[in-house]
Amino acid sequence: MSVRTPLVAGNWKMHKTEREAEDYIQALLPRVSSMDGVDVAICVPFTDLAAMVDSARGSRVEVYAQNMHHESAGAFTGEISPPMLSEVGVRGVVLGHSERREHFGETDRALALKVPAALAAGLTPILCVGETEAERDAGDTDRKLRAQIREDLAGVASEQLPEVVIAYEPIWAIGTGRVASAAQAQEALAFIRALVADRDAAAAERLRILYGGSVNTDNAAELLALEDVDGVLVGGASLQAESFAQIAGAAAQ
């Protein structure tokens, strides 16, 4: 029996004003308040962080940011630092999402700095990794995952590895409606766990790995039942409180 508590994290991306976020959290909280055996997080835009932390206080819902800079302060116009997130009461942060990599040029070198910085600030990093459609078709999935895991976690001490959450997101399945088959998802997640085990087998058994990529109420239960899946990173389906709560409920079961 796994000792890893499932994590269901909803990534809002660039959606919801503060008013819309308040309506959402008031609809979500009663739907998840009685759930046991699952951690629930919403990953919200910077402008919603303080309001969501305040509204979710005392509940089982944790609030995560969607990005951060690795430095604690400096001349980095437009960026947000780890201490700024911690001070607001944020519990974690998504790092290396494929949209950050593709649209904003985020590199593994940058993530090798961000992941340890998040841990040092007491934040749970959700490190996103995954291959493009071209890489999968070329048989390069393992090579891509090996490079990302090795470089992105290079600055994390072995004893801190279990504090990291890794989200496997096949880039070809994000926002496309396509979902990796159960066999494809399990193979990739097991490979990721084996990569971490190469550094520390005990840490690999404790570290949580999520699946992300067009997760919805129809496929969540099947994905969550996979041996190496410890939760899901939900995109579009997290924008409605009812559907997100249903997915969290599937993980709780």
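In which sense do E5 and E6 pair, and over how many bridges? The views below start there; this is a predicted model, where local features need pLDDT of at least 70, side-chain atom pairs count only at pLDDT 80 or more, and totals for chains, interfaces and linings use all residues. Residues are numbered from 1 along each chain as its sequence is written, and side-chain values use heavy atoms, with hydrogens and water left out.

**View 1. Strand E6 and its partners.** E5 and E6 pair in the parallel sense, over four bridges (pairing needs at least two DSSP bridges between two strands; strands are DSSP runs of at least two residues and helices of at least four, numbered from the N terminus). Ile126 stands opposite Val165 in E6. E6 also pairs with strand E7 (residues 208-212), again parallel and over four bridges, and there Leu210 is the bridge partner of Ala167.

**View 2. The two faces of E6.** Val165 and Ala167 point one way from this strand (residues 165-168), while Ile166 and Tyr168 point the other way. All are buried, meaning under 20% relative accessible area with a 1.4 Å probe and protein chains only.

**View 3. Glu131 and its neighbours.** Look for Glu131 in the loop between strand E5 (124-129) and helix H6 (133-137). Glu131 counts as buried because its relative accessibility is 0%. Its side chain makes polar contacts with the side chains of Arg136 (2.7 Å) and Tyr168 (3.0 Å); such a contact is a pair of N or O atoms within 3.5 Å, one able to donate a hydrogen and the other to accept it, and residues adjacent in sequence count only if both atoms are side-chain atoms.

Definitions and conventions: Buried < 20%, exposed > 50% of the residue type's maximum accessible area, 1.4 Å probe, protein only.
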